[in-house]
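Subject: Structure for you to look at

Hello,

Here is the structure I promised to pass on. Please open it and keep it beside you while you read.

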Amino acid sequence: MRVINIGPDPSLAYRPNLDTTITKEKEEYRNFESGSLIDRVFNTYKLMHTNQTLDFVKQKHLEWTSFSHCEMGMMDAIMSLDKLVDESDPDVDFPNSFHAFQTAEGIRREHPDKDWFQLVGLIHDVGKIMALWDEPQWAVVGDTFPVGCKFQSSIVFRDSTFLENPDEQNPSYNSEYGIYKQNCGLDNVFMSWGHDEYLYRVMKFNKCSIPEEGLYMIRYHSFYPWHSHGDYMHLCVDKDRQMLPWVNEFNKFDLYTKTTELPDVEKLRPYYQSLIDKYCPGILKW
């Protein structure tokens with residue numbers, strides 16, 4: 001796999017004090033068993049796992065990939081997430097815009113030579129803007145999973161939330177491969193509809209120049225059953241397996257930069273606007 005070197009970070013002057021202490025241990029993240037937010041989280045996943053069927057996903061592709069909902073620049077889209085608190089996230093209860101900058105700054109600390117990677121950290125959740133356009137959060141946020149084949153055991157709340165999903169009882173969809181063939185490739189798999197797939201499609205439609213590794217991070221960063229538990233490997237091809245380390249590298253910043261110490265967004269905006277201008281400039285169609 002190629003390694004992309006973009007060059008040194010040109011804007012150290014914009015960087016805040018990065019000696020932030022992570023106040024949670026790694027094993028404390030993604031606690032789906034207890035905590036103050038667990039009822040909200042469970043209810044979001046229950047609705048998701050009941051309603052995300054193959055037919056539903058195909059309908060959402062038709063609705064959202066016309067890119068006729070809005071036209072705006074990427075920074076405006078990021079800042080609109082000030083209005084969104086992710087109801088599937090057991091770790092945080094603050095607006096998603098802060099998480100965007102936390103993730104980006106975590107990546108910038110360890111990968112100062114990969115500005116495209118930093119930008120992916122900033123924009124990876126922007127697809128959640130659908131929730132501001134009246135899409136229910138259960139069709140926007142949370143972990144993703146393939147539809148059209150067996151729901152694997154590593155999916156969050158697997159045993160208690162799929163009971164009313166009609167695909168669970170459909171023999172055409174509930175086998176190991178379902179509608180797919182062995183090693184068909186993730187490009188050919190219908191994922192549960194959400195912000196990952198939507199933003200990936202927006203990037204492709206607007207011809208943004210983020211490298212393929214970055215597009216994979218965007219498209220599959222919520223696919224925890226695959227990148228964190230090793231499920232669905234029977235659907236993968238070599239390309240998917242080669243991209244998996246990139247998705248896992250991204251995941252550690254997406255997850256472990258979530259702290260209650262919020263970044264100085266106004267101080268950081270000029271630097272990240274320069275990355276937007278480089279990779280996804282101008283007004284985009286959403």
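Below is what I found in it, from the whole chain down to single residues.

**The whole chain**

First, a caution: this is a predicted model. The mean pLDDT of the protein chain is 88. A value of 70 or more is reached by 85% of the residues.

The protein chain has eleven helices and two strands. Read from the N terminus, the order is α-α-β-α-α-α-α-α-α-α-α-α-β. The chain has 286 residues, and 57% of them count as buried. Now take the contacts between residues at least 6 apart in sequence. Of these, 82% join residues at least 24 apart.

**The core**

In soluble globular proteins, nonpolar side chains tend to be buried together. Here the largest nonpolar core holds 84 residues. Which of them touch the most other members? They are Met-74, Ile-78, Leu-122, Ile-123, Met-203 and Trp-286. Helix 11 (residues 265-279) gives this core its largest share, seven residues.

Leaving out residues up to four places away in sequence, Leu-122 touches Ile-78, Ala-100, Phe-101, Ala-104, Tyr-272 and Ile-276.

**Helix 8**

Next, go to helix 8, residues 212-220. How many of its nine residues are buried? Eight are, so the helix is mostly covered. The buried ones are Glu-213, Gly-214, Leu-215, Tyr-216, Met-217, Ile-218, Arg-219 and Tyr-220.

Look at Glu-213 in this helix. Is Glu-213 buried or exposed? Glu-213 counts as buried because its relative accessibility is 0%, and the cut-off for buried is under 20%. Pro-245 is 32 residues away from Glu-213 in sequence, yet their C-alpha atoms are 9.6 Å apart.

Gly-194 sits in the loop between helix 6 (158-161) and helix 7 (195-205). Its relative accessibility is 3%, so Gly-194 counts as buried. Gly-194 touches Met-130, Ala-139 and Val-140, again without residues up to four places away in sequence. Gly-194 and Ala-131 are 63 residues apart along the chain and 9.8 Å apart in space, C-alpha to C-alpha.

The other two residues concern backbone angles. Most residues other than glycine have a negative phi. Lys-207 is not a glycine, but its phi is positive, about 55 degrees. Tyr-232 is not a glycine either, and has a positive phi of about 65 degrees.

Where do these two lie? Lys-207 is in the loop between helix 7 and helix 8. Tyr-232 is in the loop between helix 9 (224-227) and helix 10 (238-256). Compare their surroundings too. Lys-207 is exposed, with a relative accessible area of 72%. Tyr-232 counts as buried, at 1% relative accessibility.

**Cavities**

Rolling a probe the size of a water molecule over the atoms shows where empty space is left. The count here is three cavities of 30 Å³ or more.

Best wishes

Conventions: Residues numbered from 1 in each chain as written. Predicted model: local features only at pLDDT ≥ 70, side-chain atom pairs only at ≥ 80, totals over all residues. Heavy atoms only, no water. Buried < 20%, exposed > 50% of the residue type's maximum accessible area, 1.4 Å probe, protein only. Helix = DSSP H or I, 4+ residues; strand = E, 2+ residues; numbered from the N terminus. pLDDT = per-residue confidence, 0-100. 1 Å grid on protein atoms, 1.4 Å probe; cavity = no way out; pocket = protein on both sides within 12 Å on 5 of 7 lines; lining within 4 Å. Points joined across faces, edges and corners; volume = space filled by probe spheres on them. Core = buried A, V, L, I, M, F, W, Y, C linked by side-chain atoms within 4.5 Å. Contact = heavy atoms within 4.5 Å.
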